[in-house]
Amino acid sequence: MGKIEIDELRCKGCGLCTIACPQKLLSLSEKINNLGYTPAEISDPSRCTGCALCAEICPDVAILAFKNKTVAHK
Amino acid sequence: MQQVFKRPVSLKDVQTHFCPGCHHGTIHRLVAEAMDEFGVQQRTIGVASVGCSVFLYGYFDIDVVEAPHGRAPAVATGVKRARPDSFVFTYQGDGDLAAIGTAEIIHAANRGEDITVIFVNNTTYGMTGGQMAPTTLVGQKTSTSPYGRNQAKDGAPIRMAELLTQLEGVAFAARVAVNNPRNLLDAKKQIKRAFRYQVEGKGFSFIEALSACPTNWGMNPIAANERVGGEMADYFKLGVYKDTAEF
Ligand SMILES: Cc1ncc(C[n+]2csc(CCOP(=O)(O)OP(=O)(O)O)c2C)c(N)n1
Ligand code: SF4
Ligand code: SF4
Ligand code: SF4
Ligand SMILES: [Mg+2]
């Protein structure tokens, strides 16, 4: 179980997070932000694992990642 | 839920001027994370170079000296010798370090100054419009090599990590990339190791980070990112070249 927050004003629409996400949940949206870029968006947030790879790859620190760390199933 | 990724404290919460997909932003963040990890922010003095990373003082929440083009290792030598308790690093592009600043880097490294050098190799002079650098790949078209770099006339690209490894004064040298999660996590590890050398007074540490310059390569960010892991990493092999400490 995970969650990300994309800062749409900081995102420059480079698309690197879209290729880093193992779940292929990210894509660039149609809307245009104040810098003229099309920010990334998440399609199915419930499938996010909170792996944070999208946040790691982002050159603009535009993504924050969260994870539910209570699950410990054997 | 627990936050598993956050902005490093040493990195100011501001928008950068870097182009979309430019790896300078990623490399800045990894350097800031290493600073946080070792708790050196308050005693760090960064030495900025000339190039797209010239605004170091605007992005890191630390003290920064701005060096003339190529002279960062000489300036850092002075800073570290005058203030031995400070943590001193330079952040330099390939035009800066491998062209105009060749003398300064070689002699600072050879003297084994107790500093850390972050060398960002994007195979071009990014800031000034994409001229050929000593690191430009053979055949690569730039604004000053419109038919591609010609090895017979221009020489072969210089591999700085390998070159510096030969110097006795160098304690640690590695080449890293941030183009995919695997390389990025390794880059994080090596940057921290380079920092540790200085924190423990073990001598000169050098990181060469391969970096995308989508704008001057005339590529979109994803294609530029792929080039880093492709023809760039084929010639500039990733890895740890020298690691002299026991830790
Ligand atoms: C003494 C001097 N000569 C030339 C310049 C022009 N100049 C500015 S940046 C630069 C090259 C920067 O390239 P690099 O170090 O590779 O940094 P990048 O922008 O690619 O990160 C040059 C030649 C200058 N500012 N000062
Ligand atoms: S945290 Fe992992 S799974 Fe979730 S969007 Fe980012 S890369 Fe995809
Ligand atoms: S990597 Fe960052 S800047 Fe690039 S599209 Fe994704 S969120 Fe935006
Ligand atoms: S010109 Fe190149 S190096 Fe400079 S900010 Fe743009 S992409 Fe980065
Ligand atoms: Mg450069």
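Predicted model: local features only at pLDDT ≥ 70, side-chain atom pairs only at ≥ 80, totals over all residues.
**View 1. Where chain A meets chain B.**
Let's start with the contact, to which chain A gives 31 residues and chain B gives 32 residues. Together the two chains bury about 2,500 Å² between them, and carbon and sulfur atoms account for 62% of that area. On the chain A side, the residues to look for are Arg10(A), Glu56(A) and Val61(A), which lose the most area to chain B. Those three together make up 25% of what that side buries.

Three salt bridges turn up across the interface of chain A and chain B. One to find in this view is the salt bridge between Arg10(A) and Asp13(B), where the closest N and O atoms sit 2.8 Å apart. Arg10(A) is also one of the residues named above for losing the most area to chain B. As for polar contacts, ten residue pairs make them between chain A and chain B.

**View 2. What the chain A side is built from.**
Four elements of chain A give two or more residues to the side that touches chain B: β1 (2-6), α1 (16-20), α2 (53-57) and β4 (63-67). The largest share comes from β4(A), with five residues. Sorted by class, this side of chain A has 19 nonpolar residues, seven charged and five polar.

To get your bearings, find Ala65(A), whose bridge partner in β1(B) is Phe5(B).

**View 5**
Now we move to chain B, where strand β2 covers residues 44-48 and is mostly covered itself, with five of its five residues buried. In a regular strand, side chains alternate between the two faces of the sheet. In β2(B), Thr44(B), Gly46(B) and Ala48(B) point one way, while Ile45(B) and Val47(B) point the other way. Residues pointing either way are buried.

Which strands pair with β2(B)? One is β4(B) (residues 87-93), parallel to β2(B) and linked by five bridges; across this pairing, Val47(B) stands opposite Thr90(B). Another is β3(B) (residues 63-66), also parallel to β2(B), with four bridges; there, Gly46(B) has Val64(B) as its bridge partner.

**View 3. Ser145(B), a serine in a loop.**
Our last stop is the loop between β5 (116-121) and α6 (151-154) of chain B, which holds Ser145(B). Is Ser145(B) buried or exposed? Ser145(B) counts as buried because its relative accessible area is 5%, under the 20% cut-off.

The side chain of Ser145(B) makes a polar contact with the side chain of Thr142(B), at 2.6 Å. A polar atom of the Ser145(B) side chain also lies 3.2 Å from the backbone oxygen of Gln140(B). Leaving out residues up to four places away in sequence, Ser145(B) touches Met132(B) and Gln140(B). For one more landmark, pick out Gly130(B): Gly130(B) and Ser145(B) are 15 residues apart in sequence, and their C-alpha atoms are 9.8 Å apart in space.

Conventions
Residues numbered from 1 in each chain as written. Chains lettered and ligands numbered in written order. Heavy atoms only, no water. Contact = heavy atoms within 4.5 Å. Buried area = accessible area lost by both parts, 1.4 Å probe. Salt bridge = Lys/Arg side-chain N within 4 Å of Asp/Glu carboxyl O. Polar contact = N/O pair within 3.5 Å; in protein donor to acceptor, adjacent residues only side chain to side chain. Nonpolar A, V, L, I, M, F, W, Y, C, P; charged D, E, K, R; others polar. Pairing = 2+ DSSP bridges. Buried < 20%, exposed > 50% of the residue type's maximum accessible area, 1.4 Å probe, protein only.
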